[in-house]
Amino acid sequence: MLKRILALAALLLMVNTAQAVVLRDDRQIEVTIAKPPQRIVSLLPSLTETVCALGQCQKLVGVDRYSNWPESIAKLPRMGGGIDPNIESVVATKPDLVLMATSARGAERFTSLGLTVLALEPRSHADVQRVMRIVAQALDVPVAESDRVWHYIDATVNAAAQSIPAQAKGQRVYFEVSRAPYGASESSFIGETLQRLGARNILPASLGPFPKINPEFVVRAQPDLIMVGDSNFADMTTRPGWQNMQAMRTQRVCHFTSDESDVLVRAGPRMAEAARLMAKCLTGKANDKPKGQP
Amino acid sequence: MTMHGARWSPVLVALSLWVLCVLGIALGSAVGSTGFESWLAAMHDDIAWQIVWDIRLPRSVGACAAGALLGLAGALAQGLFRNPLADPYLLGSASGASLGVAVALALFGGNPFATEFLVRLGLTGAAFVGAVLAVMLTLVLARGVQHTLRLLLAGVIVGVVLGALASLITLMRPDVLQGMQGFLLGSTSFIGWNACVLMLGVLLLCVVLAFALSRVLDALSLGESTALSLGLPLAPVRVALVCVLALATGTAVAQTGLVAFVGLAAPHLVRSLVKTQHNWIVLLSTLMGGALLLAADLLARLLLSPQEMPVGVLTAVLGGGYLLWLMYRSQTARAAR
């Protein structure tokens, strides 16, 4: 008898935990997720990647047009982008959970149409871990699993840092995000990765994560190494004063393909791969560092 | 003081604007990512010298030249269309240039062949080509320049359609978004000596042409039929002026992006200072535009250094603020009388 009651209690408890998940998202709204979602729409590439890293890729029924990893999502229907989500097609797929950025538009519209919206915006390493936990809880994946994924990322970043020889450490890096020019400062997640890899950043944290800077600042700072996407690198030498910069003259510039750039600028599970890319760049360019430089 | 008695002599205004521009350029060589520092200190340091000579100086001169081109184009547009709301972007050159830039940005880094070609053409080249093609499209749609209203409407239509296409490309390629936004807000950051020489050359040509042809604008301000009855060669001069307008705007837009409001505000500011014929208005608007964009560029660099404000935001605040103040002052002056 006692056994049966205990079993019943355990069963009830399980049903309860499975039912009542209340999560606070990045809009500071309490979101109640009634039962583990089976049909998920993700409208932010890093969240798509997070869902898949947690092994829940098969539950995605739609993604935004910029999501392009992993390959298994290539055939999923595209539902607009962050600033122009296609409300109708999202609603038509009847998702039981919509994941999107807080900066994206349409969250209120989705909510008023009866959808459950979880708005999350990873901006730092800590955020990536936190967001992964929230997504795990929302998807009824054990938090231990999300921690396992995070530990893997963490360990990979550390390993990448260790793979860099001592003489390649301490290089002063300028990471350009876009051609306006916007750079990644110490306080961005890209800056955090660089810091963990033992590189220094010419943009201090006080400027905010992605400041729009005066191009003259870069010439003055004379970075040892420049990291930039292919599309911005193409005409970098034509900027006034830049072709005479030490880093440009000695070709200490890493330019990343657009696939690699996607990896680098998304605060998600592929941060580990991003760290490897940056480590490779730091190591490779340090070897042809001109003699007599500190 | 009354508005009408307080007009200054055009020569005096031209001289003071000229002095302002020269002072601004001198100051511009001393203002940068570290805030204000004397360029005299830069004499001994190679990098600092390079920054002053290769970056700050061309940038200041270029800002002045681009502003001047826009001011000139604004004065021509307002004279040609006899409309105080006309601005240089009216014939569709702005959206044509943005479409050119959007296409170029979207193709960058994609196909290596296309990239190589585009690097040679440059974003500025793409913008210029886009602006010129847009104006030509407008002229074709309006079937020439004879009907002011048709020209205006065609310009608006071309502007809207090409702008929409540019937005579409931007939306499809998110990596283009930030670069595109930089272009739309205008930026003087990347002006080098080549761009300066180009702009100054075009400016000289345009000013001479506009100055020589400005009598038609005076005649036009009396109405189209009066202008015709004066026996002026209205049609060819109009075509020539539209060409000057397109050339000036296209050149400025290609180098600096869509800097807002300079072209609209400069002629108004000039008219509030002097009451004179169009040849002077054209000349003074040129100088006024130069001074305005130069001032905006200086502030853009100085206010948040080493970060930068978009220069277009500042031109709107500066020019618009001053214009509002003038309007307010003339109203209170009128009320006091």
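Modeller: The contact draws 29 residues from chain A and 30 residues from chain B; two residues are in contact if their C-beta atoms, placed from the backbone, lie within 7 Å. This is a predicted model, where local features need pLDDT of at least 70, side-chain atom pairs count only at pLDDT 80 or more, and totals for chains, interfaces and linings use all residues. Residues are numbered from 1 along each chain as its sequence is written, while chains are lettered from A and ligands numbered from 1 in the order in which they are written.

Biologist: Which helix of chain A gives the most to the side that touches chain B?

Modeller: Helices (H or I, at least four residues) and strands (E, at least two) are DSSP runs, numbered from the N terminus. Helix 8 of chain A gives the most, with 5 residues. Helix 8 (215-221) and helix 9 (230-233) of chain A each supply at least two residues to that side.

Biologist: How many helices and strands does chain A have?

Modeller: Chain A has 12 helices and 11 strands, and its C-alpha trace spans about 80 × 45 × 35 Å along the principal axes.

Biologist: And what share of chain A is buried?

Modeller: A residue is buried if 20 or more other C-beta atoms, placed from the backbone, lie within 10 Å of its own. Of the 294 residues of chain A, 48% are buried.

Biologist: Which residues are buried in helix 12 of chain B?

Modeller: Val311(B), Gly312(B), Leu314(B), Thr315(B) and Gly319(B) are buried there. Their cover includes helix 6 (174-185), helix 10 (262-273) and helix 11 (278-303) of chain B.

Note on methods:
Buried ≥ 20, exposed ≤ 12 C-beta atoms within 10 Å, placed from the backbone.
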